[in-house]
Amino acid sequence: MFLLLSLIFIANRNISFKDINREANNSANQIISDKEIGEESESVDDVVKIYKEFLHGKRKIKEGSDINSLTIPTGETDKHYNTKYAFFDSNGDGIPELHINSSRYYEIYTVRNNELTIWKDLSPYPYYYPLNNGAFISWKPGAAPMYDLYTYHVYNYIGDEIWNISFSCYDLNQNNIYDEKDEYYFEGVEVTKKQWIELTEKYLFFDTEGVIRIRNEIGWNPLYDGE
């Protein structure tokens, strides 16, 4: 019971980058100070202008690739992966990053010294979902029996993971739904379905058809509608 109460306390905290930053700001190896962040950051308008140049094929990233390397599956310029993008701050510096998510890639870019560079490459598997509080959820589905493994990640300013929790469920009776006869885990501890829903409600929810969905994902803009 004590362990379950501890897990509920952890889940209800819904820790984000800002929470971790506040709790670990004495760790020089993990968090860059606000002063250092401010010294390296350009204005929001300048950064967004650079992002738009990249999206329109007018700029490459520091590492050399361009937008076509993420969106064109065959080299044919009239055929693109289904691709979406977002300007959203996930590293806690007050400046948005450029998130690009295609059918095969999910890369996040930032600007340093007027150069576009990779902040995180979350391609291709498991699948990652950026959240409105700056954290991420990764999803790893499996089969035989069907299972779903979710991990809630918090990254610091330079993209290093500094906190995570995991929760999973297994369709033991293989009826393709998650019911009371299946197994549910939170941080490696087996719990009931009711307890699992309570522990994960800040991160996930079951839709009307019983499918697990990600809660609080950021908003996206369409770049290409598909191949």
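Asp 207 is buried, with a relative accessible area of 19%. That value falls under the 20% cut-off, so the residue counts as buried. Its partner in a salt bridge is Arg 213, at 3.0 Å from N to O. Arg 213 is partly exposed, at 39% relative accessible area. The model is predicted.

**Salt bridges**

Searching the whole structure gives 2 salt bridges. Side chains of opposite charge can pair when their charged atoms come close. Besides the pair formed by Asp 207 and Arg 213, Arg 59 bridges to Glu 53, with 2.9 Å between the closest N and O atoms. Arg 59 is partly exposed, with a relative accessible area of 24%. Glu 53 is also partly exposed, at 23%.

| Glu 53 | Arg 59 | 2.9 Å |

**The cavity**

Rolling a probe the size of a water molecule over the atoms shows where empty space is left. Here the count is 1 cavity of 30 Å³ or more. The largest cavity has a volume of about 40 Å³.

Its lining holds 10 residues. Nearest the centre lie Asp 93, Ile 95, Thr 110, Val 111 and Arg 112. By type, the lining divides into 5 nonpolar, 2 polar and 3 charged residues.

Which elements each supply at least two residues of this lining? They are α4 (44-55) and β3 (106-112). Strand β3 gives the most, with 3 residues.

Terms used. Residues numbered from 1 in each chain as written. Predicted model: local features only at pLDDT ≥ 70, side-chain atom pairs only at ≥ 80, totals over all residues. Heavy atoms only, no water. Salt bridge = Lys/Arg side-chain N within 4 Å of Asp/Glu carboxyl O. Buried < 20%, exposed > 50% of the residue type's maximum accessible area, 1.4 Å probe, protein only. 1 Å grid on protein atoms, 1.4 Å probe; cavity = no way out; pocket = protein on both sides within 12 Å on 5 of 7 lines; lining within 4 Å. Points joined across faces, edges and corners; volume = space filled by probe spheres on them. Helix = DSSP H or I, 4+ residues; strand = E, 2+ residues; numbered from the N terminus. Nonpolar A, V, L, I, M, F, W, Y, C, P; charged D, E, K, R; others polar.
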